[in-house]
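Here are some notes for a first look at this structure. Please read them with the model open.

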Amino acid sequence: MATLMTARDEHKVRPLTGRTVLICFIAFFGVVFTANFFLVRAALTTFGGVETESSYKAGLAFKAESEAAAAQAARHWQVDAHVEPGRLDVAARDAAGRPLTDVALSATLRHPTDRRFDVTLDPVTVGAGQWRASDTVTAGQWELVIELSRDGERLFRSTNRVVIR
């Protein structure tokens with residue numbers, strides 16, 4: 001009696017055992033966990049923090065901020081700033097063009113994407129209504145925040161995008 005040989009008989013296939021399934025299962029989830037580990041690590045090390053600590057509190061402060069902006073616009077103050085690497089010059093005048101001498105200036109360069117790079121400048125008075133800050137400011141794109149206050153009350157605030165080259 002002659003037996004017929006099939007293609008299956010010529011190439012013996014190893015049977016799928018529990019050990020093979022276990023190794024494939026562990027390898028699959030090992031790849032998934034490894035990829036997740038590196039992605040989570042990258043996300044946590046590059047995230048600079050939340051933009052708004054509490055949206056509720058920010059919403060409550062909105063009315064006060066809009067009233068302060070209206071009062072600022074009514075004063076008609078003229079504040080000019082010039083920024084270059086390592087230097088900030090600010091000049092402030094009232095509506096009549098007289099220099100503002102009884103106010104304190106604070107200036108901050110905020111990084112647009114990462115608060116960890118923010119720089120608080122230390123301006124000094126160089127004349128009537130004129131300030132200069134000579135700090136280490138690196139080149140790049142920044143938001144310049146200028147605030148003028150008197151007796152702890154903020155009277156003027158300006159936020160402008162600047163590019164330092």
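This is a predicted model: local features need pLDDT of at least 70, side-chain atom pairs count only at pLDDT 80 or more; totals for chains, interfaces and linings use all residues.

1. Arg 87 forms a salt bridge with Asp 89, and their closest N and O atoms are 2.9 Å apart. Arg 87 is partly exposed, at 31% relative accessibility. Asp 89 is buried, at 18%, because the cut-off for buried is under 20%.

2. The search of the whole structure gives eight salt bridges. Another of them joins Arg 150 and Asp 102, at 3.1 Å from N to O. Arg 150 sits in strand 7 and Asp 102 in the loop between strand 2 and strand 3, so this pair ties together parts 48 residues apart in sequence. Arg 150 is partly exposed at 31%. Asp 102 is partly exposed too, at 47%.

3. Arg 157 and Glu 147 also meet through their side chains in a salt bridge, 3.5 Å from N to O. This pair links strand 8, which holds Arg 157, to strand 7, which holds Glu 147, across 10 residues. Relative accessible area is 28% for Arg 157, which is partly exposed. Glu 147 is partly exposed at 22%.

4. The largest nonpolar core has 22 residues, and Leu 88, Leu 109 and Leu 148 have the most contacts inside it. Strands 2, 3, 6, 7 and 8 each give two or more residues to this core.

5. Take Leu 88 in detail. Beyond its neighbours within four places in sequence, Leu 88 contacts residues including Ala 81, Val 83, Ala 107, Leu 121, Trp 131 and Leu 144.

Note on methods:
Residues are numbered from 1 along each chain as its sequence is written. Side-chain values use heavy atoms; hydrogens and water are left out. A nonpolar core is a set of buried Ala, Val, Leu, Ile, Met, Phe, Trp, Tyr and Cys residues joined through side-chain atoms within 4.5 Å. Buried means under 20% relative accessible area, exposed over 50%, partly exposed in between (1.4 Å probe, protein chains only). Helices (H or I, at least four residues) and strands (E, at least two) are DSSP runs, numbered from the N terminus. Contact means heavy atoms within 4.5 Å. A salt bridge is a side-chain nitrogen of Lys or Arg within 4 Å of a carboxyl oxygen of Asp or Glu.
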